[in-house]
Every structure is written in C-alpha cells, then in structure tokens.
Amino acid sequence: MAGSTPGSSPRTTATGTAPADPWAARLRKRLYRARRTLRRTGVDYFRGDGADWLAFTVLLLLVPVLVVLNVWLPAWVPPTALVLPILAGALLLRPVSLVLLYATAALGLSTESVIHTGERVASEHPESYVFGVTPGAALVVGAVGVAGLLLAQFRSRVGVPWRSGGSMLFDLRERLKVQSQVPKLPQGWHADMSLRPAGGQSFSGDFVVAARTGPGRRMLEVVLADVSGKGMDAGSRALLLSGAFGGLLGSLPPHDFLPAANGYLLRQDWEEGFASAVHLALDLDSGEYELLSAGHLPGMQRLAGAGRWESKEADEGPLLGLYDGAKFEGVRGRLGRGDVLMLCTDGMVEQPGRDLSEGMDRLMGEADRLVAGGQLGGAGHGAAGRLIETVAKDINDDRAVLLLWRQ
C-alpha cells in the first residue's frame, strides 16, 4: 500500500473512515442484545408464552409509589388507588404472582393507615383531619382483590390468557367468515350471501360452507346449516361443524354428504346436538342442480321466463343428529339465464303467530323487488344484506340468506 512501510499498520487517509472505538462497539452490541431480549420477552408474554416477571415487577413497584403519593398528596391519591395495580394484576398475572402482589398491596394499605393515624394524632385539630384509610376503602380494595383472584384462577383453568383470548376469538370469527364465502364463479354466474348473528353478536348458529368440486372444478357445492340454539350458545358448535362440513364437502359424492354429516353429529353426543341443513350441488356448465334437505326450509327459484317464484321442496329428510341411518332425498332443477335461486334459514321467515309459508311469500316478494329494481344485475353485492334488513328485522334470531343467479 502506498505510504506505508512493511511491518507497519496501514495509515488511514484523509478521506478514509477512522477505526471504530472497540468500547463503543461493545456497548452498542450489548444494548442491541438487551433491547432484543426485552422485546422478545414482551412479545412472548402478550402471546401468553412467557413468564409474568416483567409485569409483576412493574406492578410491585407501583404499590410503594401509590403509597408515597397517598402520603404526600392524599387529596389526589386516595387509598383506593391501590385497586389499579390489583386490577391490572388480575388481567396480567398468574394466581401465584397475584397473591404476592396482594400481600404487598395489603402491606401498603396498612402503612398508609399507620401514617395517617399518626398524623391525625399529631395534628392540632384531630377532629378536622379527613385523610386516612376508612373501613369502606379497605372493603373496596379487598372486594376488588377477591374478584381479581377469581378471574385469574378462571384464566389459569381455561388456559387462555386474556391478552391472547380476544385475538383467538377474533381469528376464529374471521376464519368462519372466510369459510362462509362462496368461491369465485365463472363468467355469467353470481352469488351473494349475508349472515347476521342474533343480538348483533360475533358468532352465529347459522353458517355456510361452499367449494368448487368435481372435474375441472365445474361443480359448485354449498351447504347452508342452522345449528340448534342461537348466537353465542350455538356459535361454538357451528364453528366445529363448519370445519367438519368443509372437510367433507367435495371429499364425498353429493348424495353421501348429508349421511356423513349426520354420522359426525351423532358422534359428538351433544345434549342439544341437532341441526338442519340444505345441500346444493350445481353444475356450472349446464345450470342443472340438486337440492338435498335435512329438515331445512325449501329452496326458492325465480323463473325469469315466467316472472314468478316457485318453491323447490324435496322430500324433507330428518334433522341431522337425530338417529343413525337417515335417508335424504333430493329435488332437481335447472337455473337458466336470468333465473335466481335463494336459500335461507328459518330466522328469515319465522314470525310469532304466523305460518312459515307467509314468511316465505314475503321473502320472495322482497326478492322480486330487488330483481325488478335491477339490484341483482352484475355483481349485485349487498342484495342479501338488504333482504335481511327489510324482511328479517328481528335481531333476536340468527339470519342467513344466499342468492345465486345466472345472467
């Protein structure tokens, strides 16, 4: 190298970079490792995989801080402020750590009581001293502690921490929504589906599973099911059944699906383990279809040429989950251009004191208005939701409707 002699260290030119300070480099490396370890610990903790020492340490240090603030600023920080770390601990800590936190909070509350009692005695006017730990404040802190311990024990028994429990339910709900979507259809075919759980909840006893099956995926199979019960009560069973039905769909010939679903439901041995379902198998080339029913409402088809609706009622088979060896017969039909096929659950047509046929007539009438208004032309997204809003306003029942049409 120019400007250097053999055996000597190379000199840095004016335009070169000075060698890094070894001490500063080691410090940066250690800070990076500490930051990465802390971040990994936090991520693991909020996923429910890590220890709770970090949260426990923070909450444990918060107790003496609140005690000191209560002594210095009793008008702004009352003794009941200790419920803050107690509540946070009930959500973040394991029961063993929570008991230790409670012991520290109890010690802090006793310390506040002793200090304020001493200040009252030393005051020139003890009767005017208004600060201190009253029996009511101690009762409030104790009651919150008992409730928090019960909550922590419940979380420990369930095995799902609160910080990941909500995300798990959200993930399950989104998976159910994805599974309920009708797959993309060939040109000229359109579908729209809407589902509203009872009471505006996140989970419903009604669900849809759909798949393109057969050679070249030219067969559309759709199952619309209604699990006994409604809302959250039926949501867990609907979630389990939707996964099972989705696995069966396309794995068996159409005529074997409902018997297999019936057998699966029987094996669950639920106390309230029955469901109604309708299975549609549609040939996307010819428009020919078959509906097989297990105690479900009939399908409804609008014939474009005649301008009227007709009920597609099969020999209604038994509800799923009642007895083994049940038989399910189907009804055949064909969707021509301009025809509409509608499937729904009983929440769309049931009304107290009225026959189901009246509700079906009303539903078909409202659907006819959508067709006449051109709201089923093209993609027609949102038509199923508008049907629910106009026909099935009772939010105390699960409601689902599927529209399928051919241009």
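Which residues in α4 are buried? Select the helix in this predicted model and colour it by accessibility: S97, L98, L101, Y102, A105, G108, L109, E112 and H116 are the buried ones.

Next, select L62, V65, V68, L69, W72, L73 and W76, a nonpolar surface patch whose accessible area totals about 750 Å². Within this group, V68 belongs to helix α2 (residues 53–72) and is partly exposed, at 37% relative accessible area.

Turn now to the salt bridges, of which the whole structure has seven. One of them joins the side chains of R196 and E389, with an N to O distance of 3.6 Å. This pair connects strand β1 (residues 189–196) to helix α10 (residues 383–391) across 193 residues.

Select R332 and E290 for another salt bridge, with the closest N and O atoms 3.6 Å apart. Here strand β8 (residues 330–334) supplies R332 and strand β5 (residues 288–294) supplies E290. R332 is exposed at 61% relative accessibility, whereas E290 is buried at 9%.

Move to E310 and K312, whose salt bridge has its closest N and O atoms 3.4 Å apart.

Finish at R399 in strand β10 (residues 399–406). R399 is buried without a salt bridge, and the nearest oppositely charged side chain, D398, is 6.8 Å away. A polar atom of the R399 side chain does lie 3.1 Å from the backbone oxygen of D397.

Methods: Residues numbered from 1 in each chain as written. Predicted model: local features only at pLDDT ≥ 70, side-chain atom pairs only at ≥ 80, totals over all residues. Heavy atoms only, no water. Buried < 20%, exposed > 50% of the residue type's maximum accessible area, 1.4 Å probe, protein only. Helix = DSSP H or I, 4+ residues; strand = E, 2+ residues; numbered from the N terminus. Patch = residues over 30% accessible without salt bridge, like charges linked within 9 Å, V, L, I, M, F, W, Y side chains within 5 Å. Areas by Shrake-Rupley, 256 points an atom, 1.4 Å probe, with all protein chains shown as cover. Salt bridge = Lys/Arg side-chain N within 4 Å of Asp/Glu carboxyl O. Lys, Arg positive; Asp, Glu negative; His and termini not counted. Polar contact = N/O pair within 3.5 Å; in protein donor to acceptor, adjacent residues only side chain to side chain.
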